[in-house]
Amino acid sequence: MNSHSSSPATISASHLDVGYGLHTVVRDIDFVTAPGDLVALIGTNGSGKSTLLKTLAGMLAPMHGTVSVLGGAPGRSPRRVAYLPQHPVSSHTLPLRARDVVAMGRFAHLGLFRRATAHDRSIVHNTMIRTGANEFAEKSLRELSGGQQQRTHLAQVLSREAEVLLLDEPTAGLDLSGKAAVAEIIAQERARGTTVVVATHDLQDAETASAVMLLAQRVVAFGPPSVALRDEHLRECFGFTQPH
């Protein structure tokens, strides 16, 4: 996708079918990413975006074909891959502060018994500043609005300092300034060589992508935004034409 001929692929999928149980959601997915690439998965609810992300995260087994992430099976590199689900599960019965939730992002590096170092705490602090979650760091998660919770969970994912970021609707519940902040964060991550795969239904999120995959329980189109977001593809995917 990017012209990283010397860089090994970060994600590689060939003839990949994804789904749940015996139900195939999307068939025959083919793509390869390099460091710094951004792939935007675009489609309506139920189109297969989340299913593909969960497969890349190692939460769902591929139904057919091959897929590798950082040279191994999905889920094999928890320190190097970070996944933000569409609806992050947080136990609201626990008195967790926003800061505690973000600090959990360092657990993959620390293991069960190592204590957080000054370096870990610095990473947590910096990621909270980047997402704006530092403004409510000491508040209980249950007190936060949906947008504030989204910023907190995004900070948790960023604190992993992963080489691959899998983001499912990261701007859901955010206002315009929040969406702009997420776009800036993704640009920063790409600049340091992170591969980002983001699921969205907002066409604007795709404009800066290396490649766009339009999904409608199949791959409608795949390629650079100028190719994938053509009117005929959008009509097939959404039933409307992109406004000019």
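**Notes on the predicted model**

1. Buried here means under 20% relative accessible area, exposed means over 50%, and partly exposed is in between (1.4 Å probe, protein chains only). Asp 120 sits in helix H4, residues 118-131. Setting aside neighbours within four places in sequence, Asp 120 is in contact with Arg 106, Leu 110 and Arg 115; contact means heavy atoms within 4.5 Å.

2. A word on the ground rules. This is a predicted model, where local features need pLDDT of at least 70, side-chain atom pairs count only at pLDDT 80 or more, and totals for chains, interfaces and linings use all residues. Residues are numbered from 1 along each chain as its sequence is written, and side-chain values use heavy atoms, with hydrogens and water left out.

3. Now the whole protein. There are 8 helices and 9 strands; these are DSSP runs numbered from the N terminus, helices being H or I with at least four residues and strands being E with at least two. The C-alpha trace spans about 50 × 40 × 40 Å along its principal axes. The radius of gyration is 18 Å, which agrees with the value near 18 Å for a compact globule of 244 residues. That radius is taken over C-alpha atoms, and the globule rule is 2.2 Å times the number of residues to the power 0.38.

4. Take the contacts between residues at least 6 apart in sequence: 67% of them join residues at least 24 apart. The protein exposes about 11,900 Å², with carbon and sulfur atoms supplying 53% of it; these areas come from the Shrake-Rupley method with a 1.4 Å probe, and for residues only the protein chains shown count as cover.

5. Helix H8 is worth a look. In H8, residues 231-238, the buried residues are His 233, Leu 234 and Cys 237. Down the helix axis they fall within an arc of 95 degrees, so they line one face of H8. The arc is that of the directions from the helix axis to the C-beta atoms. As background, an α-helix has 3.6 residues a turn, so residues three or four places apart point the same way. The cover over the buried residues of H8 includes strands E3 (38-42), E8 (211-215) and E9 (219-223), along with helix H7 (225-228). After H8 comes Gly 239, with a positive phi near 85 degrees.

6. His 15 is not a glycine, yet its phi is positive, about 50 degrees. At 44% relative accessibility, His 15 counts as partly exposed.

7. Glu 169 isn't a glycine either, and has a positive phi of about 55 degrees. Find Glu 169 in the loop between strand E6 (164-168) and helix H6 (176-191). Is Glu 169 buried or exposed? At 5% relative accessibility, Glu 169 counts as buried.

8. Last, Pro 224, in the loop between E9 and H7. Pro 224 counts as partly exposed, at 42% relative accessibility. Neighbours within four places in sequence aside, Pro 224 is in contact with Ser 210 and Ala 211. From Pro 224 to Glu 169 is 55 residues in sequence and 20 Å in space, C-alpha to C-alpha.
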